[in-house]
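The following note sets out points for a colleague's review of the structure shown below.

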Amino acid sequence: MAISNRLDWIRLACHPGCGYVERRRLLALADNDPARALDRATAHADGESPSERLLDWQRAARSACFELDQRWLDRGAGNVIGLGEVDYPALLAEIADPPIALFVTGDRGALALPQICLLYT
């Protein structure tokens with residue numbers, strides 16, 4: 001995947017005022033293209049919007065998060081796999097609210113192998 005496409009997935013995941021349901025809707029409208037979904041998210045202004053103060057806070061937090069993620073990618077430490085891409089684990093995509101993007105360190109191909117997960121709460 002091109003570096004610009006990986007960054008588009010991160011930008012979409014960090015977009016202020018755009019929650020999980022809205023990101024999924026935008027991706028569906030954009031044929032799973034994160035750059036086109038971002039264009040729609042930026043232009044999306046209908047309905048009631050959050051306060052400017054809340055959006056400023058979200059932008060600052062997400063900007064810092066994005067910068068850290070970008071540095072991680074620039075170091076070559078890992079990859080980003082977007083929802084709907086070939087390498088995205090099929091079973092994970094079937095859950096009710098799958099992550100919009102996976103940040104992967106190591107062999108991406110290992111995601112296709114049988115897996116087990118233990119969760120502690």
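1. In this predicted model, a salt bridge links D31 with R36, with 3.7 Å between the closest N and O atoms. The cut-off for a salt bridge is 4 Å. D31 is classed as exposed because its relative accessibility is 60%, where exposed means over 50%. R36, by contrast, has a relative accessible area of 38% and is therefore partly exposed.

2. D31 also deserves attention for its backbone. The residue sits in the loop between α2 (20-29) and α3 (34-43), and its phi is near 55°, a positive value in a residue that is not glycine. This positive phi comes just after α2. Most residues other than glycine have a negative phi.

3. N32 counts as partly exposed, because its relative accessibility is 27%.

4. The structure holds two salt bridges. Besides the pair described in point 1, the side chains of R25 and E22 meet in a salt bridge, at 2.8 Å from N to O. R25 and E22 are separated by about one helical turn, because they stand three residues apart in helix α2. R25 is partly exposed, since its relative accessibility is 36%, whereas E22 is among the buried residues of α2.

5. How are the buried residues of α2 arranged around the axis? The residues concerned are E22, R23, L26 and L27. They lie on the same side of α2, because the arc they cover around the axis is only 135°. The exposed residues V21 and A28 are carried on the face of α2 turned away from its buried side.

6. When neighbours within four places in sequence are left aside, Y20 is in contact with A96, D97 and P98. Y20 and P99 are 79 residues apart in sequence, yet their C-alpha atoms are 8.5 Å apart in space. For the chain as a whole, 57% of the contacts between residues at least 6 apart in sequence join residues at least 24 apart.

7. D8 lies in helix α1. Is D8 buried or exposed? D8 is buried, because its relative accessible area is 15%, and buried means under 20%. With neighbours within four places in sequence set aside, D8 is in contact with P34, A35 and L38.

8. In soluble globular proteins, nonpolar side chains tend to be buried together. In this model the largest nonpolar core has 18 residues, and I10 and V80 have the most contacts inside it. The elements giving two or more residues to this core are α1 (3-13), α2, α3 and α4 (52-74). Among them, α1 gives the most, with four residues. Another core, of five residues, lies apart from the largest one and includes I81, L83, Y88 and V104.

9. As to the overall architecture, the chain has five helices and two strands, which follow the pattern α-α-α-α-β-α-β along the sequence. Of its 121 residues, 32% count as buried. The accessible surface of the chain comes to about 8000 Å², and carbon and sulfur atoms account for 56% of it.

10. Finally, the confidence of the prediction should be kept in view. The mean pLDDT of the chain is 75, and 74% of the residues score at least 70. Where pLDDT is low, the predicted coordinates should not be read in detail.

Definitions and conventions
Residues are numbered from 1 along each chain as its sequence is written. This is a predicted model: local features need pLDDT of at least 70, side-chain atom pairs count only at pLDDT 80 or more; totals for chains, interfaces and linings use all residues. Side-chain values use heavy atoms; hydrogens and water are left out. Buried means under 20% relative accessible area, exposed over 50%, partly exposed in between (1.4 Å probe, protein chains only). Contact means heavy atoms within 4.5 Å. Accessible areas come from the Shrake-Rupley method with a 1.4 Å probe; for residues, only the protein chains shown count as cover. A nonpolar core is a set of buried Ala, Val, Leu, Ile, Met, Phe, Trp, Tyr and Cys residues joined through side-chain atoms within 4.5 Å. The arc is that of the directions from the helix axis to the C-beta atoms. pLDDT is the predictor's confidence in each residue, from 0 to 100.
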